[in-house]
Amino acid sequence: MSFGYLGPEATFTEAALIQLLTAHDRMDAVRTPMRSADAALAAVAAGELTGAVVPIENSLEGGVPATLDALTQHDELQIVAETVVRVRFVLAAKPGTELADVTAFSTHPHAEAQTRAWLSENLAAAHYIPAASTAAAARDLAESDVDYQVAICPALAAERYGLTVLADDIGDRKDADTRFVLVSTKRELPEPTGADKTTLVAALASDRAGALLELLEQFSTRGVNLSRIESRPTGDGLGLYQFSIDAQGHVAEPRMAEALTGVHRIARRLQFLGSYPSADGEKVIVDPDMTAQAFTAAHEWLAAIRG
């Protein structure tokens with residue numbers, strides 16, 4: 001059993017995969033770094049991997065475009081689980097290095113941007129050397145002769161490459177989270193838990209006033225709340241967009257099933273990407289008029305008058 005993740009090793013994505021494997025008692029599985037989200041998902045679709053973990057949403061920057069676009073390219077895949085990782089950066093160095101020794105540091109540009117307040121206060125004179133990733137900065141520091149003394153990276157990378165943590169949790173925002181999803185080939189859906197999420201992509205049938213409102217009404221009239229909606233270009237021309245959507249609930253629920261049926265009826269294209277347990281485990285509050293019992297009663301009433 002082999003699972004891919006957005007590499008290189010010791011990234012936040014590998015940390016997310018470890019969380020998921022631990023939760024499902026599968027730590028004996030092989031973890032394989034992949035060069036991109038698209039490459040990871042393509043390997044799953046080709047049967048080369050059991051599944052892949054990719055980032056889908058960040059609490060500070062929203063959806064991850066590369067993942068959202070890659071998911072639309074593979075109809076045979078679906079999301080089966082999710083997890084959330086707190087984005088916590090550490091300042092790592094080779095053993096024996098002191099903060100006073102630092103004249104240069106390296107990390108990914110996004111990490112540098114998210115740690116500027118700490119850097120301004122503690123390493124204002126240090127020179128910044130960009131890296132391909134936070135984990136790569138740590139790896140190169142540990143294994144190569146580089147022109148910097150410290151790396152800003154995940155704690156996992158510092159541990160993996162035998163580095164010493166000089167400062168912990170140096171991010172400017174302490175509440176930054178990234179949501180990751182586990183994607184596999186289509187099989188039986190995870191059972192409903194009452195705390196579920198359904199992900200789909202819908203393309204509008206036409207570019208006209210009210211088209212998006214009509215799509216959204218399919219959810220609102222059935223009491224389905226949307227926790228995320230983002231537009232992405234279809235790639236077919238300017239002004240043509242599709243919407244990546246997370247809805248609270250499971251397709252096994254009548255309210256969700258009827259909402260998706262309604263969207264399918266009016267959308268140019270609808271791609272179902274899975275119903276799976278929400279990482280926060282919070283039960284979805286359902287209006288009494290939208291419960292499974294309410295839908296069953298309505299269908300029984302209709303059947304009775306039809307005879």
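A: Begin with burial: a residue is buried under 20% relative accessible area, exposed over 50% and partly exposed in between, using a 1.4 Å probe and protein chains only. Phe-105 has 3% relative accessibility and therefore counts as buried. The model is predicted: local features need pLDDT of at least 70, side-chain atom pairs count only at pLDDT 80 or more, and totals for chains, interfaces and linings use all residues. Residues are numbered from 1 along each chain as its sequence is written, and side-chain values use heavy atoms, with hydrogens and water left out.

Q: Which domains does the domain assignment give?

A: Domain bounds come from an automatic or database domain assignment. Here domain 1 covers 1–87 + 178–187, domain 2 covers 89–167 and domain 3 covers 188–306. Between domain 2 and domain 3, the C-alpha centres are 44 Å apart.

Q: What does UniProt list for residues 2–185?

A: UniProt positions are given in the numbering used here, with shortened feature names, and annotations may be inferred rather than shown by experiment. An unreviewed UniProt entry lists "domain: Prephenate dehydratase" for residues 2–185. In the model, that stretch is 30% helix and 33% strand, and its end C-alpha atoms are 13 Å apart. Helices (H or I, at least four residues) and strands (E, at least two) are DSSP runs, numbered from the N terminus.

Q: How many aromatic pairs does a search of the whole structure find?

A: A pair of aromatic rings is described by the distance of the centres and the angle of the planes. Rings of Phe, Tyr and Trp (its six-membered ring) pair if their centres lie within 6.5 Å; planes under 30 degrees apart count as stacked, over 60 as edge-to-face and the rest as tilted. The whole-structure search finds two such pairs. Phe-12 and Phe-89 are edge-to-face, because their ring centres are 5.6 Å apart and their planes stand at 80°. This pair links helix α1 (residues 12–23), which holds Phe-12, to strand β6 (residues 89–93), which holds Phe-89, across 77 residues. Both Phe-12 and Phe-89 are buried.

Q: How are the rings of Phe-105 and Tyr-128 arranged?

A: They are stacked, 5.2 Å centre to centre with 20° between the planes. Phe-105 is in strand β7 (residues 104–107) and Tyr-128 in strand β8 (residues 127–130), so the pair ties together parts 23 residues apart in sequence. Tyr-128 is partly exposed at 22% relative accessible area.

Q: Which parts of the chain does the Arg-269 and Asp-75 pair link?

A: The side chains of Arg-269 and Asp-75 form a salt bridge of 3.7 Å, N to O. Arg-269 is in strand β15 (residues 267–277) and Asp-75 in the loop between α3 and β5 (77–86), 194 residues apart. Arg-269 is partly exposed at 29%, and Asp-75 is partly exposed at 48%.

Q: Are Glu-82 and Lys-197 buried or exposed?

A: Glu-82 and Lys-197 are both buried. Their side chains meet in a salt bridge of 3.2 Å, N to O. Both residues belong to a network of salt bridges that also includes Glu-57, Arg-179, Arg-228, Glu-230 and Asp-246.

Terms used: Salt bridge = Lys/Arg side-chain N within 4 Å of Asp/Glu carboxyl O.
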